[in-house]
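Dear colleague,

Please find below the structure that I am handing over to you.

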Amino acid sequence: MTRAAELAASLDAVRRRITSAAEAAGRDPAEVSLVVVTKFFPASDVRVLADLGVTDVGENRHQEAEAKAAECADLGLRWHFIGGLQSNKAGAVAHYADVVESLDRAKLVGPLSRGAQARGHDVDVLLQVSLDPPGAEHRSGADPADLAALAQRVGEADRLRLCGLMAVAPLGEDPDEAFARLARIRQDFLGAHPDATMLSAGMSGDLEAAITHGATHVRVGSAVLGPRPTVQ
């Protein structure tokens with residue numbers, strides 16, 4: 001099987017999963033967008049995916065993302081930066097990312113805004129919220145109590161557009177319970193920011209639970225591209 005045929009088959013399977021999950025939740029499948037995460041996979045795969053109708057591509061690491069976005073600049077893709085964001089690289093990320101899904105600290109707002117201004121291009125921003133229980137060791141993500149202040153900072157920044165929330169289900173927890181919590185957090189957030197309707201949640205193993213609880217974007221890597229290649 002060629003790589004194109006392999007990707008076409010896996011992409012079709014993921015799209016069918018999205019459709020089934022949306023319909024089971026009483027939602028229109030068109031409300032859910034697929035972001036294919038191409039971390040560690042070559043730009044040639046991105047080109048195949050674009051030919052198969054993929055419009056949104058996610059990357060976790062700045063150096064890889066920057067190079068891949070430049071190599072695939074002719075494809076007109078929408079690039080999502082979904083990895084941990086560092087303040088010393090935030091400005092550079094804004095030079096190619098159309099969406100930054102992982103803003104979780106106030107000190108990132110200034111560099112990201114300056115990068116977007118230098119590019120002359122608005123950047124859509126999602127606030128990454130932690131779903132870890134109180135007292136647990138946090139993965140990336142802002143405490144839900146800090147979202148209001150963080151949203152205000154983004155709203156005041158030039159060239160940044162507050163678009164919604166992103167979250168990752170905690171390791172070892174039932175994703176359904178985690179995303180139910182996320183839905184409650186989002187409901188409160190939308191009360192203050194009714195236009196920030198994007199909700200990025202769910203990956204290869206838990207996209208159904210995320211869609212059940214309102215995800216508008218799912219970030220899928222291995223279910224489309226296969227096991228990640230070994231990086232030397």
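A residue is called buried when its relative accessible area is under 20%, exposed when that area is over 50%, and partly exposed in between. Please bear in mind that this is a predicted model.

With a salt bridge taken as a side-chain nitrogen of Lys or Arg within 4 Å of a carboxyl oxygen of Asp or Glu, the count comes to 17 salt bridges. Three of them are described here.

The pair R78 and D124 joins through its side chains, with 2.7 Å from N to O. R78 belongs to strand β3 (residues 78-81) and D124 to strand β5 (residues 123-128), so this pair ties together parts that are 46 residues apart in sequence. D124 has 7% relative accessibility and therefore counts as buried, whereas R78, at 30%, is partly exposed. Salt bridges with shared partners link D56, R78, D122, D124, R159 and R161 into one network.

Finally, R27 and E31 form a salt bridge in which the closest N and O atoms are 3.1 Å apart. R27 is buried, because its relative accessibility is 15%, while E31 is partly exposed at 42%.

With kind regards

Methods:
Residues are numbered from 1 along each chain as its sequence is written. This is a predicted model: local features need pLDDT of at least 70, side-chain atom pairs count only at pLDDT 80 or more; totals for chains, interfaces and linings use all residues. Side-chain values use heavy atoms; hydrogens and water are left out. Buried means under 20% relative accessible area, exposed over 50%, partly exposed in between (1.4 Å probe, protein chains only). Helices (H or I, at least four residues) and strands (E, at least two) are DSSP runs, numbered from the N terminus.
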